[in-house]
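Good morning, everyone, and thank you for making time for this short talk. Please have a look at the sequence and the model before I go on.

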Amino acid sequence: MKDSKFRKGDAQTAVYSSDEMLRPSPVDRIPDGPTTPQIAYQMVKDETYAQTEPRLNLATFVTTYMDEYATKLMNEAININYIDETEYPRIAVMNAKCINIIANLWNTPEQAKYKCGALAIGSSEACMLGGVAAWLRWKKRRQEQNKPTDKPNFVISAGFQVVWEKFAQLWQIEMRQVPLTIDKTTLDPEEALKMCDENTICIVPIQGVTWTGLNDDVQELDKALDDFNKHSGLEIPIHVDAASGGFILPFIQPDLKWDFRLKWVLSISTSGHKFGLVYPGLGWIVWKDAKYLPKEMNFSVNYLGADITQVGLNFSRPAAQILGQYYQFIRLGFEGYREIQKNSMQITQYLHDQIAKMKPFINYSEDVVNPLFIWYMKPAYNKTAKWTLYDLQDKLKQNGWMVPAYTLPENIESYVVMRIVVRQGFSRDMADMLLNDMKSAIADLEKLTYPTPTRVAMEKKTPVDSHVFDHTGSRKKKK
Ligand SMILES: *Cc1c(COP(=O)(O)O)cnc(C)c1O
């Protein structure tokens, strides 16, 4: 072994005087020998040196700020494996308490001491569990009726998050997409029902559509579905993907019915690591009642003094997030959550108002129902602009901001929009800094005499005159 000098005590070596700092980092082979922890630490740290400060990243929904005690608590639990329930029975109980609290936030009618739900690594796993449960329930019913079970499908708007595409692919369940239009960017209940048949395992409305920040109208869907089920004799249920909305609606719009108060909503999933205010990865799913969780998915253990339901795709996983979630519930209480979400909503509304005042822009919707929104270029401005929102994204990146520009989903993909997600850790003062940086970036872009490469590319794709930007105002507020 060449690299065995470590035995001679080169821990004394200053990190940046070491040979390692002159060598490329390992790419495909494990190094021959060890190095000091200081050097290894620095190499890894330097390689992950943040391009963007996490809190200047307005693209992500995921928590980038927790207070000191939460951070301490989670760090202290970093070596705890959730699945070792015999070793850490209190964590399984704490997990069950979190599920109870969330189930009650969503108005569960379930009377059992421990509500039926499960921990997940994020909404993705939680959505999968919700989808699989709906599929297995459907399959069982079909088998009882001696009907074929080989062609299941589910219905969702084309504004779905990528997890649903994964669910469809991995379980080979057909995904039927209700198209979106520029005026109707949420799931249209009537259109959704037209796609339903005896093979539909569930309909999936979204609370906090990733692309737009808007909410599908679950109440209207539930009503229309109730009628549909009555007439067809089917029992198509609803799974609500409330990745963002699950921790916004109970605090901001407690009277809005989107949850277990509705008849056909049998399961709801959310991301604890989004507006649940916990570092990643944490997701939750709750069923309306234990009878909606198929037995095949339910692994019960009874040796902990309580019946603890274990459901999940993972086995081993970190437990620190459960401590983080339970801490937040205790630390903040209902009112604390409400005030944090209200601040985020107010700052979002402020940004929304200010961006509406900027000459080039128009907000997609007048509604701000979650702490995120999108906007695009005014059609008239777009006609003569030498730049695109992708150029603005690049400019803002130079100031450390991550504000993503992207195209809307299928059918409305010719719209380039920009999105901001406001999370705990983003203040009004930071919003002003962002707005100032936006204004000076736009002033620079307006000085251009030649179109930018992204503008040239865009015009090749959609010539300005025959343009789809025929939408003249932002979507009107809902009555
Ligand atoms: C973020 C998101 C997901 C995926 O959630 P993760 O927690 O990142 O796994 C699913 N659905 C919607 C609507 C989302 O916004």
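This is a predicted model: local features need pLDDT of at least 70, side-chain atom pairs count only at pLDDT 80 or more; totals for chains, interfaces and linings use all residues.

Let me begin at the ligand, where a polar side-chain atom of Asp241 lies 2.7 Å from one of the ligand's nitrogen atoms. On the oxygen side, an N or O atom in the side chain of His273 is 2.7 Å from an oxygen atom of the ligand, and for the side chain of Lys274 the corresponding distance to a ligand oxygen is 2.8 Å. The protein covers 89% of the 380 Å² of accessible area (Shrake-Rupley method, 1.4 Å probe) that the ligand has on its own.

Residues are numbered from 1 along each chain as its sequence is written, and side-chain values use heavy atoms, with hydrogens and water left out.

Turning to the chain, an automatic or database assignment divides the chain into domain 1 (73-329) and domain 2 (343-457), whose C-alpha centres lie 32 Å apart. Their contact, meaning heavy atoms within 4.5 Å, takes 23 residues from domain 1 and 23 residues from domain 2.

How many salt bridges (a side-chain nitrogen of Lys or Arg within 4 Å of a carboxyl oxygen of Asp or Glu) does the rule find across the interface of domain 1 and domain 2? The rule finds zero salt bridges there.

Technical notes: A polar contact is a pair of N or O atoms within 3.5 Å; within protein, one must be able to donate a hydrogen and the other to accept it, and residues adjacent in sequence count only if both atoms are side-chain atoms.
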